[in-house]
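Thanks for coming, everyone. Please have a look at the slide, and then I'll walk you through it.

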Amino acid sequence: MKNGFASFIMTIVMILIIVVLGLFGVLIYQDIMGEDSSQIVENFVSTYNPVTDNSVQDSKKITTPQVVKDKINQIINSSSGTKEDTNYSNVQINKYFYNQLNDYSKTIYKALESNKENLKTGTARIDLGTSFTSILEKENGENLLGQYYQSAVETYLYDNPDVFYISANKLYLNIETITKRKKKTYNVFINNGDKPNYFTDDFNSQSEVEEAIKMVEQTKNQIVTQKTNNVYSDIKLVHDYLINNVDYDTTVSQNNIYDIYGALVKNKCVCEGYAKAFKYLVDNMNIPCVMVIGKATNSNGTTENHAWNYVQINQNWYAVDCTWDDPVIIGNGKVGNETKYKYFLRGSSYINRDHISNGQFTDGGETYQYPALSVTDYR
């Protein structure tokens, strides 16, 4: 009888041990695997339209990048876990507009720069890790991150005209919210969302992009090899090349007219193409240069959206407007030197008579500070 009772007690004890171990195992599993984890993916679609040129016609306007949220809720198996921070602190960048960004936008900019080669695929995912968790924990965190993202992408494309094949309105900023028990972590990455790729409409594949880059670089090398190391002469070399080889597109309907491929390969563009090509070429001569946008009033008294450049010589900054130095000629006329250099290395007292710069490239976008121009023209 005693043996039977002892056996019964041992059985109860064993059952309790098994139950306790089972519960403990479930807790460990939930802690590691996050059985009740959920993922919320919020796609910020930055609809970004580049500065459009209206020197010839007023059919397009500068529009504001918009952030549109498309929320998808789904339960996931959290075996993928929360991604670790992706560290871009070792990326060194010293560019005029980049230096005006806050640290959060700089992180996104650095991520794009670090993945510059991968961007040529049109579908590469750019991981930002969990470095924005402190922002996203705030009540308006998503809106803040959307603003930082917009500033970073906008700045990256204006600082780097050689990335002419990327369309900002096809880049998606994704926020993954992973909840483990009561703790939330946020993983952020950029991809092409539901688009086939994030190329501009002018390109459909990596091979097309790589061929376009090759052709741009061939033109660039032909010009840069003529570099004299005299800053004035080198700026004039670039200015004259664009004036003599590029035609202004009066139709505003051709492909690539807003980028350096249109200017340097197709030899046809609008003012944004001139300004980006000028910056791209003098950048490759290690001459400080920025692109400027704003309004300009032509000889007919019409004020239009416009783009031009500021460039530095001997610690002073001067304005260069290649577009207006290359006017559209009707008939067999030629551009004389008085016209060809009318807007070449001008100081503020001259250029500001008909050019008004605007530090905000797009409504709601980053507001940039331009270099202070020399009051007088270059002599």
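Let me start with a definition. Axes here are lines fitted to C-alpha atoms, for helices over the stretch in contact, and angles run from 0 to 180 degrees between N-to-C directions. Helices (H or I, at least four residues) and strands (E, at least two) are DSSP runs, numbered from the N terminus.

Now the ground rules. This is a predicted model, so local features need pLDDT of at least 70 and side-chain atom pairs count only at pLDDT 80 or more, while totals for chains, interfaces and linings use all residues. Residues are numbered from 1 along each chain as its sequence is written, and side-chain values use heavy atoms, with hydrogens and water left out.

First, a helix pair. Helix H7, residues 231-245, packs with helix H9, residues 271-283. The angle is about 145 degrees, and the axes are 10 Å apart. Which residues make the contact? From H7, they are Ile235, Val238, His239 and Leu242. From H9, they are Tyr274, Ala277, Phe278, Leu281 and Val282. Contact means heavy atoms within 4.5 Å.

Now step back. The protein has eleven helices and twelve strands. Of its 379 residues, 49% count as buried. Buried means under 20% relative accessible area, exposed over 50%, partly exposed in between, with a 1.4 Å probe and protein chains only. Take the contacts with a separation of 6 or more: 66% of them come from residues 24 or more positions apart.

On to the core. A nonpolar core is a set of buried Ala, Val, Leu, Ile, Met, Phe, Trp, Tyr and Cys residues joined through side-chain atoms within 4.5 Å. The largest one has 76 residues. Leu128, Phe164, Tyr165, Ile190, Leu242, Leu264 and Phe278 touch the most other members. Which helix gives the most to this core? Helix H5, residues 141-159, with eight residues. Another core lies apart from it, with 22 residues, among them Tyr310, Trp324, Tyr368 and Leu373.

Zoom in on isoleucine 190. Set aside neighbours within four places in sequence. Its contacts then include Ile108, Leu112, Leu128, Tyr149 and Leu173.

Next, a sheet. Five strands form an open sheet in the order E11-E10-E9-E8-E12, with antiparallel pairing. Two strands pair if DSSP finds at least two bridges between them. Which strands are at the edges? They are E11 (344-346) and E12 (355-357), and each pairs on one side only. From one strand to the next, the twist averages 45 degrees. Strand E8, residues 289-297, is joined to E12 by three bridges. One partner pair there is alanine 296 with histidine 355 of E12.

Cysteines now. Cysteine 289 counts as buried, at 6% relative accessibility. Cysteine 322 counts as buried as well, at 3%.

Last stop, asparagine 99. Where is asparagine 99? In the loop between strand E2 (66-75) and helix H2 (103-114). Asparagine 99 is partly exposed, with a relative accessible area of 39%. Not counting residues up to four places away in sequence, asparagine 99 touches Ile93, Asn94 and Lys106. Asparagine 99 and threonine 155 are 56 residues apart in sequence, and 9.9 Å apart in space, C-alpha to C-alpha.
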